[in-house]
Amino acid sequence: MSPLFNHSHFDIVLRRQHSRKEGKPKFTAVPSRFLNLTNDFEFAGWGSISHLTLTPQDICHGEAELNVFREEQVLGQFTASALAANDILGGVFYTLPSVVAVAGVYSPISLFVAALTLFLWRPVMEEMASALPISGASYTYLLNVSTKPVALLGSALLLLDFSATAVVSAATAASYLAGEVTLPFPVYVGAVFVFVLFTLVSLLGLRESARVATGVLAMHVLVMITLIIASVIAWGRGGMAQLSSNWTLGHVDLSPAAIARQVFNGICIGMLGLTGFECAPAYISKMKQNCYPKVLRNLHISVLVLTSGIMLIVLALLPLDVVESGSNILSLLAQKVAGKWLRIMVVIDAVVVLCAGVLTGILSACELLVKLSCDRVLPRAFLATVPATGAPYVTVISFIAFSALIYASTGASLIVISQMFTMVWLAVMALFPISLILLRFSRPRLPRASQCSLFFVAGAIGVTVTVAAGNVAMAPTIAGWFALYLVILLVLFYMSQNKVILLRWMYWTYDQLPWLHRLQFTKGWGDGLIRRMRNLRRQEVCLLVKTDEINNLFNMILYVRHNEETSRLKMVHFHSGDIPSEMEANAKILDEAFPEITVDLILVKGQFDPKNLAALSHHLNIPRALMFMSSPGPNFRYPVAELGARIISI
């Protein structure tokens with residue numbers, strides 16, 4: 001009788017596994033692409049199959065790590081709002097003059113409409129955060145719903161956005177102060193002083209930085225309320241004469257088309273006043289549970305009321321030519337409605353709150369850069385922290401240096417940075433609806449607390465494209481500066497991500513030039529390049545697998561090969577005694593199918609939960625950022641953020 005198909009298939013697998021010789025390459029028929037290297041160089045070694053029971057020490061370490069993660073959720077809705085609100089509310093000091101220059105008396109309308117557009121983004125951002133409450137958005141969103149190269153595009157845009165936030169805030173603070181008093185140094189030196197000061201503040205740690213931001217926001221709100229009350233009183237005494245005069249002057253000889261154009265241009269520039277809204281997801285893992293939607297609400301309401309409201313008050317109390325002069329509008333308003341004492345308060349408030357915008361950029365960038373370091377895009381040195389505060393000092397200093405470099409490369413031009421800022425912000429905001437589309441297509445089973453209509457997704461993308469086109473039409477050089485910095489960052493990130501590929505090309509070039517092998521100075525380069533490539537591929541990664549379906553396992557290993565530089569893969573299956581029947585045989589087949597990767601199968605007895613996963617990470621010495629899994633279903637009991645693993649398949 002002929003054997004059943006399953007039996008014959010298993011016999012073939014056994015024969016192939018028993019016939020292979022220990023230490024021999026997994027392939028011999030394919031020639032090497034290198035002149036002086038055989039296929040042994042490509043061979044990563046045969047994998048193994050083992051059983052593992054986590055020790056009590058591993059479990060204790062997992063519990064401790066999980067507790068640390070939960071204890072880091074220290075930000076309530078007001079402290080979390082304060083970090084981003086200082087940036088978004090500080091925008092009134094540099095947005096109002098820019099909007100008035102293009103929209104004139106229609107500036108309040110433009111600013112109000114610009115703020116209304118955030119109603120499109122809030123549901124989108126809430127759904128993304130409920131599905132993936134992980135710091136570093138939109139990089140982390142793209143990393144979990146697409147591929148690593150796509151995520152690096154998001155990280156480049158985010159880093160540019162955070163850097164522009166810091167630079168514009170610092171330079172505007174120095175410029176605002178220079179407009180009131182004579183400084184003994186140039187404006188760019190003042191911006192450097194601000195960078196140095198808030199570098200020191202950032203090194204105090206997140207909790208202390210949040211307290212500083214909360215104090216700054218409280219002062220800003222108090223000053224703005226005082227200014228608004230004094231202005232309303234002055235408006236009541238003076239009546240509508242100034243507003244009527246400005247209105248008459250502002251739309252004289254304007255056709256309806258010209259008015260619509262002014263309003264549209266004002267909306268395009270007014271989006272600059274919304275910058276800071278995108279910073280909130282960057283530190284969402286530090287927020288307390290169910291806090292994030294309230295943070296977005298607080299930020300939205302504040303900008304909706306403040307920017308357009310103050311712009312209306314300005315036009316009601318100051319002559320149009322003074323408003324359009326581009327001077328420190330709010331300090332002039334304070335002088336008119338209450339005198340010098342309020343003007344001094346407004347100037348101090350402007351400088352302090354704009355400086356706090358630098359803090360927002362630094363803290364947001366730190367979360368991103370630490371995540372990039374955990375994902376092996378940046379060196380592990382970026383994870384080094386100050387022992388007393390836990391602040392990542394290498395990350396802080398590197399980001400400040402990068403921001404200073406961008407500022408210097410533009411000739412310390414605040415106009416150029418502000419123009420690029422608008423484009424970068426729009427690109428970052430476009431990543432949220434794009435990420436949500438990818439989430440619904442690639443990870444539809446991922447649990448989430450809320451789900452928004454596709455109308456909001458399409459609306460957010462449409463607004464982004466329209467406003468970006470409007471900004472480029474007004475200042476075509478914006479696109480050039482934006483593309484320049486984006487391309488530079490992408491090149492740097494992709495070089496860092498693909499170090500082994502670059503080294504292979506370097507070795508191939510070296511291999512093609514025999515005379516380099518004979519020179520005393522260069523003859524050892526080949527061995528050095530080989531050692532470096534092997535060291536880079538030595539970092540192990542882990543696949544968390546649930547079933548033995550070989551097509552799913554194959555696709556997961558393909559993801560690792562295309563997105564991670566490694567030759568060592570641990571395929572882990574948690575079980576309670578029942579192991580899928582084909583798991584071991586399929587692991588051996590996959591080990592043979594990928595000669596450049598050693599595939600080890602580890603069968604762990606225990607429940608798949610955040611505590612055991614952290615314990616496994618400690619036992620294997622593999623960071624959870626380098627553990628990959630398929631998407632959990634709607635009945636999964638644990639938060640994705642507590643797992644800390646990357647989701648790579650449906």
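Modeller: Helices are DSSP runs of H or I with at least four residues, strands are DSSP runs of E with at least two, and both are numbered from the N terminus. On that basis the protein chain has 27 helices and 6 strands. The model is predicted, so to speak of local features takes a pLDDT of at least 70, and side-chain atom pairs count only at pLDDT 80 or more, while totals for chains, interfaces and linings use all residues. Residues are numbered from 1 along each chain as its sequence is written, and side-chain values use heavy atoms, without hydrogens or water.

Overall dimensions come next. The C-alpha trace spans about 105 × 65 × 55 Å along its principal axes. The radius of gyration, taken over C-alpha atoms, is judged by a globule rule of 2.2 Å times the number of residues to the power 0.38. For 650 residues a compact globule would come near 26 Å; the protein chain has 29 Å, which agrees. Buried means under 20% relative accessible area, exposed over 50%, and partly exposed in between, with a 1.4 Å probe and protein chains only. Buried residues account for 54% of the 650. Contact means heavy atoms within 4.5 Å. Of the contacts between residues at least 6 apart in sequence, 80% join residues at least 24 apart.

Now the empty space. Rolling a probe the size of a water molecule over the atoms shows where empty space is left. On a 1 Å grid over the protein atoms alone, a cavity is a set of points where a 1.4 Å probe fits but cannot get out; a pocket is an open set with protein on both sides within 12 Å along at least five of seven lines; lining residues have an atom within 4 Å of a point. Points are joined across faces, edges and corners, and a volume is the space filled by probe spheres set on them.

The count is 1 cavity of 30 Å³ or more. The largest cavity holds about 40 Å³. Its lining consists of L111, A114, A115, G270, G273, L274, V303 and T307. The largest share, 3 residues, is from α5. For classes, Ala, Val, Leu, Ile, Met, Phe, Trp, Tyr, Cys and Pro count as nonpolar, Asp, Glu, Lys and Arg as charged, and the others, Gly among them, as polar. The cavity lining has 5 nonpolar, 3 polar and no charged residues.

Take G273 from that lining. G273 sits in the loop between α12 (256-270) and α13. A relative accessible area of 4% makes G273 buried. Beyond its neighbours within four places in sequence, G273 is in contact with I88, T95 and V303. V303 is also one of the lining residues. That loop between α12 and α13 also holds N290. At 65% relative accessibility, N290 is exposed. Its phi is positive, near 60 degrees, and N290 is not a glycine.

The largest pocket comes next, at about 1,400 Å³. It is lined by 43 residues, and E72, S285, K286, E367 and V370 are the closest to its centre. At least two lining residues come from each of α2 (56-71), α7 (139-145), α10 (206-238) and α16. Helix α16 gives the most, 6 residues. By class, the pocket lining has 21 nonpolar, 10 polar and 12 charged residues.

Finally, the packing. A nonpolar core is a set of buried Ala, Val, Leu, Ile, Met, Phe, Trp, Tyr and Cys residues joined through side-chain atoms within 4.5 Å. The largest core has 203 residues, and F93, W121, L132, L330, L543, L544 and L616 have the most contacts inside it. Helix α16 (residues 340-374) contributes the most to this core, 18 residues. A second, separate core has 9 residues, including L503, Y510, L516 and M533.

S155 lies in helix α8 (residues 148-178). S155 is buried, at 0% relative accessibility. Apart from residues up to four places away in sequence, S155 touches Y139, L368, L372 and F493.
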